[in-house]
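Open the structure in your viewer and follow the stops below in order, selecting each group of residues as it is named.

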Amino acid sequence: MTLQGSLTHEEYCARILDEAARLREIVRTADLSATVPTCPDWTLADLARHVGGAHRWVGTLVATRAAENVDPADVPEGAGPEGADPAALDAWLAAGAERMVAALREAGPDTEVWSWTPARSAGFWARRMTHETVIHRADAALTAGVPFEVPAPVAADCLEEWLQIGELPVVAARFAERGADLRGPGRTIHVHATDAPPGLTAEWLLDLTGEAPTHRRTHEKAAVALRGPLTDVLQVLYRRLPADSDRVEVLGETALLDRWLAYASFG
């Protein structure tokens, strides 16, 4: 599996900087001690440190052309500044994102870099960290009570990556072991973004009828359908928005979608 994305390497790099800037705006203005509803073990400050630490970790992997994993504890300034000064946290977040993107741009998409997937390249990390930052900005926006929107091509690629991750061997093996109640004839889920712009295919069919989950981008009848704006269906799949929200519509076997979301907690 290639984990192929639909944006260019430079588009991912630019998006990381934009997403980091939007996250930093929330960090500068919101209560850093507030609990993150979607990550209840974290405060907003913890969330910011998680994202900033991930940026510096990936920046180190790419800059050093790592052939194996790097312990996050060995990443310089990976834990962030001491204390709870919003300005210091903001500056640390900005510097980490900029350093990571500089390393990604210098490396280019095809440079070999360790990853936890078969896709061992800087290009994988540019895409992965784009979506990591997107989803955690959703967490921050929910914590602060501010709107959250993602450009349609980015949201669609984020959703596509989520489905691709679900097909990775390590995840598929877990499905074979723990997803027996999800497998069977007719076990299919249709995801339909209702606001996709012309030219963007934003419908997916998740097929759970075999030994491992598969997906394809198509309009196809399924046992259950999840419909709604692209940003909202993305948040449902990442469990940042409940499936019974009035912002989306679920048609058919609701229990199948609920069981899949409870199982697929790899995001």
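Begin with helix H4, which gives the most to the lining of the second largest pocket, with three residues. This is a predicted model, in which local features need pLDDT of at least 70 and side-chain atom pairs count only at pLDDT 80 or more, while totals for chains, interfaces and linings use all residues. Residues are numbered from 1 along each chain as its sequence is written, and side-chain values use heavy atoms, with hydrogens and water left out.

Helices here are DSSP runs (H or I, at least four residues), numbered from the N terminus. A pocket is an open set of points on a 1 Å grid over the protein atoms alone, where a 1.4 Å probe fits, with protein on both sides within 12 Å along at least five of seven lines; lining residues have an atom within 4 Å of a point.

Next, select Leu3, Gln4, Gly5, Gly123 and Phe124, which lie nearest the centre of the second largest pocket among its 14 lining residues. The pocket holds about 250 Å³ of space, and its lining divides into six nonpolar, six polar and two charged residues, with Gly counted as polar.

Then move to the loop between H2 (44-63) and H3 (86-107), and select Arg65 there.

Conventions: Helices (H or I, at least four residues) and strands (E, at least two) are DSSP runs, numbered from the N terminus. Grid points are joined across faces, edges and corners, and a volume is the space filled by probe spheres set on the points.
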